[in-house]
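Reader: I would like to go through this model with the cut-offs stated. Please set each value against its definition.

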Amino acid sequence: MRVAIIYDSHTGTTRAAAEAMGQHLRELGNEVHIDSVVDADPTVVSQADLICVGSWTQGLFVILQHATKATMQFIERLGDLAGKKAIVFCTYKLATGSLLPTMAQALRAKGAEVVGEYKFRGPAPTQDFQSYAASGLSSA
Ligand SMILES: Cc1cc2nc3c(=O)[nH]c(=O)nc-3n(C[C@H](O)[C@H](O)[C@H](O)COP(=O)(O)O)c2cc1C
């Protein structure tokens, strides 16, 4: 199965989470492409079977949290995702508010079926996070 993992990362946490997810999915035998929202080609990403989009949490820590502008702009540039599965994820410190539902809704508006929303905090991606990626895939 082809999996595209796209992330926006300011200081590396979200990139590390994306890479941990990707490594685990590769070990399960999938073809995984990981790119930042800056480098990823939306046309290529739109062709994956499972599309995972992750952002760091931007806001005022306890209120007004949102995905980064670059993340939302990348989702806007995706093509028709009818028949595709998607996962949204974010890294954060305190609270994520409506960040994940908003990202999920933007992907649904493209036609994707969102099969998972996951938030992660801490210095390194956990086993839970990795198995979450796999569970998203098994429903794809
Ligand atoms: C300007 C700025 C605003 C932030 N706002 C929030 C916030 O509203 N809520 C929160 O939980 N974390 C917030 N954070 C913390 C980051 O989302 C968190 O550290 C994230 O894991 C960073 O990911 P990165 O290393 O991939 O950039 C903020 C960080 C910065 C620099």
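Author: Serine 46 lies in the loop between helix 2 (42–45) and strand 3 (50–56). Helices (H or I, at least four residues) and strands (E, at least two) are DSSP runs, numbered from the N terminus. This is a predicted model, in which local features need pLDDT of at least 70 and side-chain atom pairs count only at pLDDT 80 or more, while totals for chains, interfaces and linings use all residues. Residues are numbered from 1 along each chain as its sequence is written, and side-chain values use heavy atoms, with hydrogens and water left out.

Reader: Why is serine 46 called buried?

Author: Buried means under 20% relative accessible area, exposed over 50%, and partly exposed in between (1.4 Å probe, protein chains only). Serine 46 has 9% relative accessibility, so serine 46 counts as buried.

Reader: What does the side chain of serine 46 reach?

Author: The side chain of serine 46 reaches the backbone oxygen of proline 42 at 2.6 Å. A polar atom of that side chain also lies 3.0 Å from the backbone nitrogen of glycine 79. A polar contact is a pair of N or O atoms within 3.5 Å; within protein, one must be able to donate a hydrogen and the other to accept it, and residues adjacent in sequence count only if both atoms are side-chain atoms.

Reader: Which residues is serine 46 in contact with, leaving aside its neighbours within four places in sequence?

Author: They are Ile51, Leu78, Gly79, Leu81 and Lys84. Contact means heavy atoms within 4.5 Å.

Reader: What makes valine 114 count as buried?

Author: Valine 114 lies in strand 5 (residues 113–120). Its relative accessibility is 15%, and therefore valine 114 counts as buried. Not counting residues up to four places away in sequence, valine 114 touches Ala86, Ala104, Leu107 and Arg108. Valine 114 and alanine 104 are 10 residues apart in sequence and 6.2 Å apart in space, C-alpha to C-alpha.

Reader: How many disulfides does the structure hold?

Author: The structure holds 0 disulfides. A disulfide is a pair of cysteine sulfur atoms within 2.5 Å. Cysteine 52 counts as buried because its relative accessibility is 1%. Cysteine 90 is buried too, with a relative accessible area of 0%.

Reader: What volume does the second largest pocket have?

Author: The second largest pocket has a volume of about 180 Å³. Of the 13 residues that line the second largest pocket, Ala4, His33, Val44, Val45 and Ala48 are the closest to its centre. On a 1 Å grid over the protein atoms alone, a pocket is an open set of points where a 1.4 Å probe fits, with protein on both sides within 12 Å along at least five of seven lines, and lining residues have an atom within 4 Å of a point. Grid points are joined across faces, edges and corners, and a volume is the space filled by probe spheres set on the points.

Reader: Which elements each supply at least two residues of that lining?

Author: Strand 1 (2–8), strand 2 (31–36) and helix 2 do. Strand 1 gives the most, with 4 residues.

Reader: How many residues make up the chain, and what share is buried?

Author: Buried residues make up 49% of the 140 residues in the chain. The chain has 5 helices and 5 strands, in the pattern β-α-β-α-β-α-β-α-β-α along the sequence.
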